[in-house]
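Please examine the ligand site and one of the pockets in the structure shown below.

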Amino acid sequence: MATAPLRIGFLGFGVVGTGTYRMLVDNRESISRKVGAPLDVAKIGIRDPQKPREAPDALFTTDLEGIVDDPDIDMIIEVMGGVEPAGSLIERALRNGKHVVTANKELIAKRGGPLIRLAAANSLDLHFEAAVGGGIPLIQPLKHQLAGNDVLKLMGIVNGTTNYILTRMTEQRMSLEDALGEAQRLGYAEADPTADVDGHDAQCKLAILSGIAFGRETPVDCVYREGIRGLTADDIHFAGILGYRIKLLGIAEAIGPAVLARVHPTLLPKKHPLANVHDVYNAVQIRGDFVGDVIFSGRGAGSDPTGSAIVGDLIDVARNIRLGGAGNVIAPETGGQFLTIDSLVSRYYLRMRVDDKPRVLGQIASRLGEFDVSLTDMEMRVLDAAAGTGEIVFLTHECRESDFRQATEALDDTCGVREIATWLRVETREA
Ligand code: HSE
């Protein structure tokens, strides 16, 4: 092929960088044909030169600024993670006229808007398919094939670690602590699992998806967040009896001119496609006004799937460079309106410990009714006959979250309630 190679600089070379490099080497011929020019890795920037790496020593440098300033480099792959120094390096690369592909969900969620606008102003690409859902195409389909739709709602499992933990809790009846320990031994969960277990990772991913889907920059702190730490094997068990599985979902929907975005454990009917996504797999359902529901699923993390998403973006950028086109980023608008979780209208699951004696059930139903909370399903069991305690689980009709919260706060010993153990939101549509 006579065409001059396009030259790539890596910033970072951990698990994702290694998978990306391996794909560029293994599939070099077919990628060259698709682009119309070979893609050469020119430099790889790392912070710790002592670690063993799967690439020739001559490519490595600790001078990361030298890579983004190098006039011979056309495209940057950023796989360092974290907001800084990755953000400053990407900004500098864009100011130097380089296209950028990144897998950095935290950076794109927290500083993506200004960086995308900078790329657009310089007719450059800034792609980040790998930031959400690993190898699953989500961002490019939203920007291209689904772009004619007004997105009404998107809902998905975007964190593999918590999906693995919930799968083990459901299938092996493990406790959250044991399932988390197993996930850590298998390398799915970090030693400090906060980002996954408390929903921060999913919150960043949903902020990114919401920004693309609704065309409005979605600040991370406008996404309501609740993790899985409070869940017990009892909740999984009762949800199962009632016909549901519990998943950590990211959900964003258009409500009038506003968006409500939220991450929390959710009861899903067992027949719902997302209820049948297990282990570390991710899946996202997108509802467009014309297309209806489409579902994307696959491996949401790991070296090879995430590398695949990066190389896909890279090929897009490389074709653009070859054909002399401008970058095709779409900058989301700022100043969108975001609703708080209080305005949610949903069904709810409520588990409580109660006095096991006459009239308690009626008193609870009556107290909930004072707040317009009406019941649809119920399970109960005796916990300790001698102590006179029992456990009751309800599902409610749809009600406003603010009413539901007030109702649960009003359930106290005057109506026989000893403790509210858990409450969760319920999605009822089966598909
Ligand atoms: N910790 C993330 C997960 C990795 O479990 O999904 C991919 O972003």
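The following paragraphs consider the ligand and its surroundings, and then the pocket.

The model is a predicted one. In it, the ligand is surrounded by Lys105, Asn159, Gly160, Thr161, Asp196, Asp201, Lys205, Gly300 and Ala301. By residue class, this shell comprises four charged residues, four polar residues and one nonpolar residue.

Asp196 places a polar side-chain atom 2.8 Å from a ligand nitrogen atom. For Lys205, a polar side-chain atom is found 2.8 Å from an oxygen atom of the ligand. In the case of Asn159, an N or O atom of the side chain lies 3.4 Å from a ligand oxygen atom. Taken on its own, the ligand has 260 Å² of accessible area, of which the protein covers 78%. Two elements, α7 (160-171) and α10, each give two or more residues to the shell around the ligand.

Attention now turns to the second largest pocket, whose volume is about 290 Å³. Its lining consists of 16 residues, and those closest to the pocket centre are Ala147, Ile212, Ala213, Phe214 and Gly215. Which elements supply at least two residues each to this lining? They are α6, spanning 139-143, and α10, spanning 200-214. The greatest contribution comes from α10, which provides four residues. In terms of residue class, the lining contains ten nonpolar residues, together with three polar and three charged ones.

Helix α10 therefore links the two descriptions, as an element that contributes to the ligand shell and to the lining of the second largest pocket.

Note on methods: Residues are numbered from 1 along each chain as its sequence is written. This is a predicted model: local features need pLDDT of at least 70, side-chain atom pairs count only at pLDDT 80 or more; totals for chains, interfaces and linings use all residues. Side-chain values use heavy atoms; hydrogens and water are left out. On a 1 Å grid over the protein atoms alone, a cavity is a set of points where a 1.4 Å probe fits but cannot get out, and a pocket is an open set with protein on both sides within 12 Å along at least five of seven lines; lining residues have an atom within 4 Å of a point. Grid points are joined across faces, edges and corners, and a volume is the space filled by probe spheres set on the points. Ala, Val, Leu, Ile, Met, Phe, Trp, Tyr, Cys and Pro count as nonpolar, Asp, Glu, Lys and Arg as charged, and the others, Gly among them, as polar. A residue is near a molecule or strand if one of its heavy atoms lies within 4 Å of it. A polar contact is a pair of N or O atoms within 3.5 Å; within protein, one must be able to donate a hydrogen and the other to accept it, and residues adjacent in sequence count only if both atoms are side-chain atoms. Accessible areas come from the Shrake-Rupley method with a 1.4 Å probe; for residues, only the protein chains shown count as cover.
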